[in-house]
Amino acid sequence: MLVRYAVVVLCVSLAACALEQPPPSTSQLPPGFYGTWVDNDLGAINDASYALGSPARTHNDPVEALRAAIAVEYLGGEVNTAERWFRMSPITKMQMLEARAEMRQALGIRPDAPSQLVVNVLIAAMVDLMHDNQAAAMHVFASPLFGQPPERTWAVLNDLPYMPAARVATSDAELQLYREE
């Protein structure tokens, strides 16, 4: 009887391990990307929450839309893998992954792309636009990472739609920042 019990426990344990999903793809940001005195996690949460709170905040401002997209991409992995966020609600963590998928879909980014590649490409496009080089940014949007014509990505960045998953995830994350303090 004891042997049967041990075998059952072993089988259930192995089955549970088989169901465990790998951690989401994560990325790193350049130091100080979201401000000199603000750590990137807090800056990304605050920037994205504000920018995605209303489509008017990014309307005709593709640089701000890209900053929000970079934040959502980064946070999707960061809040789910970094130990500092172990107290964050698992629901918010799941919502942040949904927000990442929603943002990728809006921008035409492949859903299976590694997060670091996505962040690097979006930062490159943002820097090009900050230097008034739209042609270079359009070249970035023509990369295989994007599954739509560059003009479509450009149009979305100039008129970022309301993204309910991203809005909820970033505002919930922001609320949890202040609960922890």
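This is a predicted model: local features need pLDDT of at least 70, side-chain atom pairs count only at pLDDT 80 or more; totals for chains, interfaces and linings use all residues.
**Entry 1: conventions**

Residues are numbered from 1 along each chain as its sequence is written, and side-chain values use heavy atoms, with hydrogens and water left out. Helices (H or I, at least four residues) and strands (E, at least two) are DSSP runs, numbered from the N terminus.

**Entry 2: helix α5**

For its 16 residues the span should be 22 Å, and the end C-alpha atoms are 22 Å apart, which agrees. I then listed its buried residues, where buried means under 20% relative accessible area, exposed over 50% and partly exposed in between (1.4 Å probe, protein chains only). The buried residues of α5 are Ser115, Val118, Val119, Val121, Leu122, Ile123, Ala125, Met126, Asp128 and Leu129. An α-helix has 3.6 residues a turn, so residues three or four places apart point the same way. Taking contact as heavy atoms within 4.5 Å, I found that what covers these buried residues includes α3, α4, α6 (134-141) and α7 (150-158).

For the packing I used axes that are lines fitted to C-alpha atoms, for helices over the stretch in contact, with angles that run from 0 to 180 degrees between N-to-C directions. The axes of α3 and α5 come within 9 Å and cross at roughly 165 degrees, and these two helices are therefore roughly antiparallel to each other. A crossing is left-handed if the near helix is turned anticlockwise from the far one by less than a right angle, and right-handed if clockwise; the crossing of α3 and α5 is left-handed. On the α3 side I noted Pro62, Val63, Leu66, Arg67, Ala69, Ile70, Glu73 and Tyr74, which meet Ser115, Val118, Val119, Leu122, Ile123, Ala125, Met126, Leu129 and Met130 in α5.

The axes of α5 and α6 come within 7 Å and cross at roughly 165 degrees, which makes α5 roughly antiparallel to α6. Here too I recorded a left-handed crossing, of α5 past α6. The contact is made by Val121, Ala124, Ala125, Asp128 and Leu129 of α5 and by Gln134, Ala136, Ala137, Val140 and Phe141 of α6.

**Entry 3: salt bridges**

I counted a salt bridge wherever a side-chain nitrogen of Lys or Arg lies within 4 Å of a carboxyl oxygen of Asp or Glu, and by this rule the count comes to six. Arg84 forms one with Asp39, the closest N and O atoms being 3.0 Å apart. Arg84 lies in the loop between α3 (62-81) and α4 (90-107) and Asp39 in the loop between α1 (2-19) and α2 (40-51), so the pair ties together parts that are 45 residues apart in sequence. Both partners are partly exposed, Arg84 with a relative accessible area of 45% and Asp39 with 31%.

Asp41 also forms a salt bridge with Arg84, with closest N and O atoms 3.3 Å apart; this pair links Asp41 in helix α2 to the loop between α3 and α4, 43 residues apart. Asp41 is buried, at a relative accessible area of 4%.

Asp47 is partly exposed at 23%, whereas Arg67 is buried at 19%.

**Entry 4: positive phi**

Most residues other than glycine have a negative phi, and I looked for exceptions. Asn60, in the loop between α2 and α3, has a phi near 55 degrees and counts as exposed at 54% relative accessibility. Asp132 follows α5 and is found in the loop between α5 and α6; its phi is positive, about 55 degrees, although it is not a glycine, and its relative accessible area of 73% makes it exposed.

Notes: The expected span of a helix is 1.5 Å times one less than its number of residues. Angles under 35 degrees count as roughly parallel, over 145 as roughly antiparallel, 65 to 115 as roughly perpendicular and the rest as oblique.
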